Amino acid sequence: MTGGPAAAERAETYLRLLAEAELREALTPPAEAAEPEAARHEQAGTLVHAGRLPRAASALAALGVIDPDTAAEITEGLAAALAVRGRLGLDTLVHPIRRQVNPPRPVPALPHGVRAVPVGRTLTVTGADGSQADLYVACLVRTEGAVMIAVEVRAPTERTQAQELTLPLSTMRITDDLGTSYQDELSFLSQDGRADGWLFIHNPPRIGVRWLEMDSGPGTARLRMDPAVGAEPAPARWQPAGATGPGERLLDSIAGDLLAGLPDRRGHGEHLGELVAALEAAGAVPPGNPASGRLATLCERAGLGAGGDLVARLAAGDIARADLPRRWISVLDWFAHPHREAGLRGFAPAGLALLELDGFWFVIVGLTAEPDRMGLRVLVIGRPDEYPWTDGRSWAGWFPWWVKDPGGQWHVAALDGRRQGYSGHMTVDLRLVPPLVQPVTRLDVHIPGRTHQMSASVPLEWGAPDG
Amino acid sequence: VTGLDGAGQAGQQPPWWAALPPAEMEITCGQARHTIRWADGELVLPAHPDAEAELILGALGGDKCECTELAAVWRRHHDDLALLALGPRSAADEIGITWDEISTVSSSKWAFGLQGPAVSARDVRRALTTTGLAYSPLTGQWAAPPGGVPESGRLELLTLLALGPAFGMRLAATVAAAWSGAARAADRAANRPALTAALASRFALAAGAWAGMEAGQLTASLHEGPGWGSLEHTGQAASGPASSYPEGGLANGAYPDAGWPEGGWLDGKFQRGGLRAWLAQVWAAGLTVVEGHLVLAVQAARWPAAEVLALRGLGGTPVTLQVRAADPAAGDAARSGGSRWQVAG
């Protein structure tokens, strides 16, 4: 447990006392006439599923301050106590509400032998019926158990809506320089009908293979990749995370997410004051910590309507204002002035984009630019499936990323979506805010970690064909 | 102590059940209605003088009856902290769950027959088996297999709570007393959050109403040491005490008489003895507040009389009071969660 047994005991005590307070509140008779049973059940259901207790339990478990099973047991205990008092359905007693909080966050073992090869080329592939599609190959990633090729299917000509854009997997072949065919080992993993995804070779080529060649049958175009000459981990700079604990990093992570909401003028932070209070009471952040002050100051300044209760504590002098980090100010200033619309479209594959941190490999596949958003596509290799997506807090230790362009402008790269892969990997989309307004060939990427922050300079290759 | 038959000897605490009257009820047992009775800290089965032998015989293939099963479940949960999290916070905190409802929600349908349809002992045994419990003739206990059967444990607790408030309060007192011994110091340390919450939730309701403070303004904590503990009024949470009522001060009367400032927090610091002295003896017996006095400990008792240590009001000095159950003959205490008490003489 982060913080040790004493912190865990303090957090557990806090949650148990919070559960008692919630129970008292639920049992307080309403001022008006007797509430209908359905209304009482709804109120109690909110308490145990979306109230202060599950929110605090989830945050503390995600931070590793308290064992997730203990946190779940406390939430379940409140549900049971409400059920036997007629405030919840009795089925709650036989269908516990486990897994309301995040499971443990073990430090995963870093997979060995991971290589990433930027490709950035297009192959025209032909289906059995003669139809053609362009297959844009962004990069190749090799692990011990698989070869994954990041691809995007693109129509060579304008197509009607009825024409489905699919990968002609039945005709596609991959062979190596030793004559081995991997046609039977191929699968294509996409999601939600998206044209981009991963082409898998489940039984990867043995070490020593010089090249892999992809085509869709005799006489069709071919594309050759070299799996051996993979990128070494990108040259990275490491900086200790300093005295900040996981609680403060969580608050900074939330601040990054708030900044990422600036384009939409949205702020997900209606309970930030409550969260900070919970972290303080449970000992997950020290009273008067600068991260609380930073977050409160940001809420006040950004005008997103987020963290109203936190801003109130700021106004009351309960939390001290804090200087905002330079990168936050850079983002805020960008939105304070009019900018021409970003004209970038397409996909820029990243080279030498293999980064290792806290037992994960992060492979920056590339940068996508669409009319309304710009983002980094990142492959996470390790055990990302052990970190549920429920509220994103379980990922707060590694996101958002911060990106600095060559012009000195900072961008926050916040989690925007994920696509589960096979066991041991996941593709995440990071929204880049503000967007780049012109092509750049290099980005400085800063990734938070548990004990260190990592910085790396990542090259980009613009000029890929538009989709 | 006069009138208490020597239950409170100098330097000795009375038994934790001394201020609790007996309680009893009838349940369906086989084809008959049998009385189960709680007295002097134990659940007894007048219709089954050798319940242990019956339970073992049942495990060896004979029918087990509901009474003995219930006693086994009671014994199994005599120190179950989950009971304190689920069970009553005060005598007014009515838990209305019934065995019929438990049978409805439980696929195993192994509730005992109180007011609902009688369940045969064979059904009970089958249900216990399906919940994964196994009987050990060596220990005479039903026990969960390795890995535990949490749902069966919860169903057992519900079954006990469905016995009604009188038994619910007594079982809570049993659990509190079981955790208060010196031999369980290590267990207490490992379960301090649950014990603190169990104590604080009940203390907050009782003392909050007495002090005119919101329950959220009251805190309670556990400390290892003799005596019942101390009560402090603090200017703000977790800050230094503004007024203190340490146990050691009882002898020299070093209590301020000035009223406590408005607001702030009231913090009860309960020593290990306080877990038993307050939860088991004071709270479970319905002695928390008697005619405007906050009762801190029972010094001697034999129901319906008790000698208690109590505070008259904020800023007052703890005094020794003789109290009596208001109407012991009415049987309220046996049916409900606690007695109504009044200052004697």
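This is a predicted model: local features need pLDDT of at least 70, side-chain atom pairs count only at pLDDT 80 or more; totals for chains, interfaces and linings use all residues.
The ring of Trp278(B) forms an aromatic pair with that of Phe203(B). The two centres are 5.7 Å apart and the planes make 75 degrees, an edge-to-face arrangement.

Trp278(B) belongs to helix 11 (residues 272–283) of chain B, whereas Phe203(B) belongs to helix 9 (residues 192–211) of chain B, so the pair ties together parts that are 75 residues apart in sequence. Phe203(B) is likewise buried, with a relative accessible area of 1%.

Strands of a sheet pair through backbone hydrogen bonds, in either a parallel or an antiparallel sense.

## The three-stranded sheet of chain B

Chain B also contains an open sheet of three strands in the order 1-2-3, with antiparallel pairing. Strand 1 (23–29) and strand 3 (42–44) of chain B each have a single partner strand, so one side of each is left without a neighbour in the sheet. On average, neighbouring strands of this sheet are turned by 25 degrees against each other, direction ignored. Strand 2 (residues 32–39) and strand 3 of chain B run antiparallel and are joined by three bridges; Arg37(B) stands opposite Val44(B) in strand 3 of chain B.

Helix 2 (residues 66–76) of chain B packs on this sheet, where it touches strand 1, strand 2 and strand 3 of chain B. The direction of helix 2 makes about 130 degrees with that of strand 1 of chain B. Helix 7 (residues 165–178) of chain B lies across strand 1, strand 2 and strand 3 of chain B as well, and runs at about 110 degrees to strand 1 of chain B.

## Chain B as a whole

Chain B has 12 helices and 14 strands. Of its 345 residues, 54% are buried. Among contacts in chain B between residues at least 6 apart in sequence, 62% join residues at least 24 apart. Chain B exposes about 14000 Å², of which carbon and sulfur atoms supply 53%.

## Aromatic contacts in chain A

Over all chains, the structure holds eight aromatic pairs. In one of these, the rings of Phe362(A) and Phe399(A) have centres 6.0 Å apart and planes at 85 degrees, so the pair is edge-to-face. Phe362(A) is in strand 12 (residues 360–369) of chain A, and Phe399(A) is in the loop between strand 13 (374–381) and strand 14 (401–404) of chain A. The pair thus links distant parts of the chain, 37 residues apart. Both Phe362(A) and Phe399(A) are buried, and together with Trp401(A) they form one aromatic cluster.

## Charges over tryptophan rings

In chain A, the charged end of Arg224(A) sits over the ring of Trp211(A), 3.7 Å from its centre. In chain B, Arg184(B) lies over the face of Trp179(B), at 4.2 Å from the ring centre.

Strand 6 (residues 196–201) of chain A is mostly covered, six of its six residues being buried. Strand 6 of chain A pairs with strand 3 (residues 147–154) of chain A in the antiparallel sense over six bridges. Glu152(A) stands opposite Asp196(A) of strand 6 of chain A.

Leu436(A) is located in the loop between strand 16 (425–433) and strand 17 (442–447) of chain A. With a relative accessibility of 1%, Leu436(A) counts as buried. Leu436(A) and Trp410(A) are 26 residues apart in sequence, and their C-alpha atoms are 9.9 Å apart in space.

Notes:
Residues are numbered from 1 along each chain as its sequence is written. Chains are lettered from A and ligands numbered from 1 in the order in which they are written. Side-chain values use heavy atoms; hydrogens and water are left out. Buried means under 20% relative accessible area, exposed over 50%, partly exposed in between (1.4 Å probe, protein chains only). Helices (H or I, at least four residues) and strands (E, at least two) are DSSP runs, numbered from the N terminus. Two strands pair if DSSP finds at least two bridges between them. Rings of Phe, Tyr and Trp (its six-membered ring) pair if their centres lie within 6.5 Å; planes under 30 degrees apart count as stacked, over 60 as edge-to-face and the rest as tilted. A charge sits over a ring if NZ of Lys or CZ of Arg is within 6 Å of the ring centre and within 35 degrees of the ring normal. Axes are lines fitted to C-alpha atoms, for helices over the stretch in contact, and angles run from 0 to 180 degrees between N-to-C directions. Contact means heavy atoms within 4.5 Å. Accessible areas come from the Shrake-Rupley method with a 1.4 Å probe; for residues, only the protein chains shown count as cover.
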